[in-house]
Amino acid sequence: MRARVAVSLVFGYFGVVVGTWTSRLPTLKNRLGLTDTQLGTALVCFAAGSVLGMLLLARVIDALGPARALGTLALTQAIALVLAAMAPNLPALCCVLAFFGAVQGTLNVTMNSAAVDVQRAYHRRMMSSFHALFSVGGLAGAASGGLAAGAGISVRHHFLAVLCVAAVPAVLAHAWRLPGGPGTADVDVDADIDVDADVRSARAHVTARGTSLRLATVLLGLFAMFAMVAEGAVGDWSSVYLHENLGAGVAFASSAFVVFSIAMFISRVAGDRVVTSLGTRRFLQYSAVLGAVSLGAGVLSTAPWLAVAGFAGLGLGLAGLTPQIYTIAGDVAHGSAGRALSLIVGMGYIGFLVGPALIGFVSGATSLRVALLLPSLLILLIPALVPALRLSD
């Protein structure tokens, strides 16, 4: 229970940092007098650091065990956030953001790996609930950013307050970690107790019928990439589509991403129960179909409210995909979950970064309506490829 609380707090805190950072980015941009191009350059450094952190530090996670690395990374992330607020110029900001991104990317992998261990120890599904707390943290961070900006609180003081908040999950993650060594592999998931078969060992489900670990990792990485392409597209293009293509007002157009985010939260709260009822294979397939069909129907409609409903349906479908992808990956690669998750999370993050740009290129060649159908088609590949994993349920 204590380990679950600690990991839950880290997920919520991670969301707070993401929401805080994005909400105060305009203020930081103005303080340094950056142009859009200069800010874009700094954000590229952040993205590059995130991907490199995910891919290069995975062996360290496996060597130490996610539980031991979790608290240190959580505190370091908050320190990096403060350093970003103190950067005096663009070169310094680029260096700090590369470090910030590396820590954040590594923490992303580590906390999901730790969540897999806690879930394994509990012998029941709870990955979606962890991700729901991330969503709550993101909303709280964004709200705090808006309030701080409205009150005239400086970015530096705001980020220092976040650093103080980070001490709580960092200390608890270190003190309340699961017993055992790397990966806490001492938990006997095959004990003679009432254990849901799919949680007991996803590794057995995926590999027993001949699917190699490498193929499983690549497939799961592609699933994460397809899902994150859609999430990035909604974040950057939904309000633009509603306002410019469907003639919705600016206020109503901005509601698309809010509704999408709320739908994702609701889906994640209920996700563990639903996947327990359906089984992983059907859950992945049904969720992907729901998301793809909702997005396609919403984009093809001409009424703004139907488009918003489509984005909401996409959120309901997408929200449960990544938690289950990470669950399968962690159990398939038991003992080397850090490396498997780093590749999968990294591929998803690349999709999140590349997706909006891809939508822009396709929109320029065709139209935004056609371009937004692309994520729908990619998501539809998930139910088609799920049988290749050879899940038993």
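**Figure 1. Overview of the predicted chain.** Of the 393 residues in the chain, 53% are buried, in a model that is predicted. The secondary structure consists of 16 helices and 0 strands. Among the contacts between residues at least 6 apart in sequence, 84% join residues that are at least 24 apart. The chain exposes about 15,800 Å² of accessible area, and carbon and sulfur atoms supply 68% of that area.

**Figure 2. Helices H1 and H7, viewed where they meet.** The axes of helix H1 (residues 2–32) and helix H7 (residues 155–175) come within 9 Å, and they cross at roughly 170°. Angles over 145 degrees count as roughly antiparallel, and H1 and H7 are therefore roughly antiparallel to each other. On the H1 side, the residues that meet H7 are Ala6, Leu9, Val10, Tyr13, Val17, Thr20, Trp21, Arg24, Thr27 and Leu28. Their counterparts in H7 are Val155, His158, Phe159, Val162, Ala166, Pro169, Leu172 and Ala173. Val17, one of the H1 residues that meet H7, is also among the residues in contact with Gln104, which is taken up in the next view.

Figure 3. Gln104 lies in helix H5, and with a relative accessibility of 12% it counts as buried, since the cut-off for a buried residue is under 20%. When neighbours within four places in sequence are left aside, Gln104 is in contact with Phe14, Val17, Val18, Phe46 and Gln77.

Figure 4. Helix H4 (residues 66–86) gives the most to the patch, with 4 residues, whereas Phe99 is found in helix H5 (residues 90–122). Phe99 has a relative accessible area of 38% and is therefore partly exposed, a class that lies between the limits of 20% for buried and 50% for exposed residues.

**Figure 5. Ser113 of helix H5 and its separation from Ala340.** Ser113 lies in helix H5 and, at 4% relative accessibility, counts as buried. Although Ser113 and Ala340 are 227 residues apart in sequence, their C-alpha atoms are 9.7 Å apart in space.

**Figure 6. Met126 in the loop between H5 and H6.** Met126 is found in the loop that runs between H5 and helix H6 (127–150), and this residue is buried, with a relative accessible area of 0%. Leaving aside neighbours within four places in sequence, Met126 is in contact with Arg4, Val118, Gln119 and Asp272. The C-alpha atoms of Met126 and Arg273 are separated by 8.7 Å, while the two residues are 147 residues apart along the chain.

**Figure 7. Ser363 in helix H15.** Ser363 is found in helix H15 (residues 337–365), and its relative accessibility of 18% places it among the buried residues, because the limit for that class is under 20%. Not counting residues up to four places away in sequence, Ser363 touches Leu368 and Ala371.

Definitions and conventions:
Residues numbered from 1 in each chain as written. Predicted model: local features only at pLDDT ≥ 70, side-chain atom pairs only at ≥ 80, totals over all residues. Heavy atoms only, no water. Helix = DSSP H or I, 4+ residues; strand = E, 2+ residues; numbered from the N terminus. Buried < 20%, exposed > 50% of the residue type's maximum accessible area, 1.4 Å probe, protein only. Axes fitted to C-alpha atoms, helices over the stretch in contact; angles between N-to-C directions. Parallel < 35°, antiparallel > 145°, perpendicular 65-115°, else oblique. Contact = heavy atoms within 4.5 Å. Areas by Shrake-Rupley, 256 points an atom, 1.4 Å probe, with all protein chains shown as cover.
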